[in-house]
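Inspect the chain below first.

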Amino acid sequence: MPIVAQSTETTDWVSRFADEVIEESERRAPGKPVVVASGLSPSGPIHLGNLREVMTPHLVADEIRRRGHQVRHLISWDDYDRYRKVPAGVPGVDETWAEHIGKPLTSVPAPKGSPHPNWAEHFKAAMTESLAELGVEFDGISQTAQYTSGVYREQILHAMKHRGDIDAILAQYRTKKAPAKKQQQKPVDEAELEAAEGSGAAAEDDGSSGSAGYFPYKPYCGNCEKDLTTVTSYDDDSTELTYSCTSCGFSETVRLNEFNRGKLVWKVDWPMRWAYEGVIFEPSGVDHSSPGSSFQVGGQIVGIFDGKQPIGPMYAFVGISGMAKMSSSKGGVPTPADALKIMEPQLLRWLYARRRPNQSFKVAFDQEIQRLYDEWDRLEAKVADGSALPADVAAHSRAVRTASGELPRTPRPLPYRTLASVADITAGHEDQALRILSDLDPANPLTSLDEARPRYDKAEAWINTHVPADQRTIVRDEPDTQLLKSLDEQARESLRLLLDGLADNWSLDGLTHLVYGVPKVQAGFSADATPKELPSEIKTAQRSFFALLYQLLVSRDTGPRLPTLLLAVGQERVRHLLGA
């Protein structure tokens with residue numbers, strides 16, 4: 001029975017799509033598993049924009065599984081696409097890889113030093129590992145395997161037979177060229193990573209149009225393996241096809257009903273697969289809103305294969321903050337593996353789950369990651385006490401678990417910014433890190449760093465890889481005697497008040513109360529006075545006091561949160577550096 005759509009006021013975008021997909025699947029293919037799909041091209045590093053191509057259908061598929069339905073999430077690896085260019089910034093790759101342009105991605109050598117057999121497998125492996133960490137279940141389909149084994153032979157012959165109909169559909173759009181967009185270089189922290197539907201989309205290849213007419217099929221050359229070929233003749237009855245290669249001059253005649261070294265052009269290949277796999281749901285990038293785009297044209301061409309276009313939301317770009325030195329054109333665009341080095345899978349899943357597909361968002365690699373983690377921890381607390389809004393509860397649930405169960409999580413999820421500060425200060429000394437973290441809550445001390453893992457490891461990786469050296473925290477070895485001698489009586493008194501209270505307040509909460517309370521007490525107020533009870537001058541006094549402490553401890557005006565820094569330095573050393 002079709003599920004009745006729930007109210008949009010009480011459900012999230014995933015639930016609403018799941019309603020539609022289940023209903024449409026029961027209409028098109030009753031009794032069969034629901035099929036959702038993604039397409040990824042391993043033409044280079046698969047970045048965080050491409051991840052939206054996977055996470056959108058994954059979240060919908062997972063919701064459908066939670067409701068007890070059978071569902072298949074297909075990921076088509078477009079590894080039989082042509083190798084278009086040598087991406088910059090890929091380790092183990094040099095200009096000699098240009099000689100492989102035009103070959104299938106599975107016929108291009110992997111980067112030097114890679115354990116994988118070819119270019120496509122090298123980049124597929126990294127993405128597959130990340131998807132496993134993210135809890136994404138899928139059925140992977142290699143398009144190289146599909147084409148070279150003859151799985152699509154009947155579809156290819158059908159497309160060739162109906163090439164006139166396909167050509168007529170494509171001809172409607174060939175004259176409707178969109179105005180050229182002015183290209184502007186952006187750093188990655190401002191740029192948007194487009195999750196294009198596959199490398200085949202890059203050239204929007206309509207097919208082979210030579211003197212013999214239009215053909216929606218491209219052979220790979222039997223001599224040089226490249227797709228720089230033109231079909232010069234084809235006979236529908238015998239399926240004899242003749243082609244010539246403009247790269248090496250080779251030509252041959254083959255029988256297409258026996259030939260497995262070529263593929264349908266992208267605008268025909270994609271809708272063919274919709275029909276062949278019975279895809280009900282597949283998203284597409286924002287560029288498909290334009291006339292003549294692959295998704296729109298595919299909606300007409302799919303009928304030639306007796307299929308229907310999937311339900312497919314248009315999704316917006318994914319931005320990156322904090323990696324200004326990296327750009328798409330120079331290579332090194334951040335991948336899911338890069339993000340998972342510095343954040344737990346739950347946080348990354350949440351970023352994709354909480355925004356509707358047509359909403360853009362950014363993945364943070366800079367200081368913003370600390371704010372995101374604070375927001376995530378507040379959400380966890382609200383979910384735990386029942387105060388979170390329904391849509392936020394749904395997004396949280398999709399982040400922390402799948403239909404198969406809960407993702408592994410950190411036993412003691414201490415604040416990320418605190419862990420980052422401790423990792424910064426201790427510089428890899430785990431015994432020191434454990435000492436500091438144990439002092440955060442003396443009543444319930446941490447007994448092992450494993451309790452704070454993997455979050456601690458992610459925060460440490462962020463400090464080590466994304467915080468510039470000049471922003472790292474280095475605690476002074478000796479007191480700044482010159483600064484201490486220059487202090488006026490009020491500043492000296494503030495240090496005395498702090499030192500007098502250290503022993504009785506040696507915990508994260510206690511030190512927080514102490515450092516904020518010293519300027520209040522100096523001004524004649526209670527250390528417990530709330531901001532509403534205090535004049536605005538107190539905030540100025542607090543800032544001055546904090547700056548003094550930073551200067552005396554780390555020779556800078558700012559640094560990690562002072563309570564964390566004090567715990568990290570230790571009582572004896574704090575007293576020494578503050579002139580006790």
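## Nonpolar cores

A nonpolar core is a set of buried Ala, Val, Leu, Ile, Met, Phe, Trp, Tyr and Cys residues joined through side-chain atoms within 4.5 Å. Buried means under 20% relative accessible area, exposed over 50%, partly exposed in between (1.4 Å probe, protein chains only). In this predicted model, local features need pLDDT of at least 70, side-chain atom pairs count only at pLDDT 80 or more, and totals for chains, interfaces and linings use all residues. Residues are numbered from 1 along each chain as its sequence is written, and side-chain values use heavy atoms, without hydrogens or water.

The largest nonpolar core has 103 residues. L348, Y352 and V363 have the most contacts inside it. A second, separate core has 30 residues, including Y152, L241, Y243 and L264.

Contact means heavy atoms within 4.5 Å. Leaving aside neighbours within four places in sequence, Y352 is in contact with W13, L48, L51, R52, M55, L59, V318, F361 and V363.

Strands pair if DSSP finds at least two bridges between them. Seven bridges join β1 to β2 (residues 71-77). G39 stands opposite S76 in β2.

## A buried lysine

K263 lies in strand β11 (residues 262-264). K263 is buried, at 9% relative accessible area. Beyond neighbours within four places in sequence, K263 contacts residues including Y80, D81, Y147 and D269.

Notes. Helices (H or I, at least four residues) and strands (E, at least two) are DSSP runs, numbered from the N terminus.
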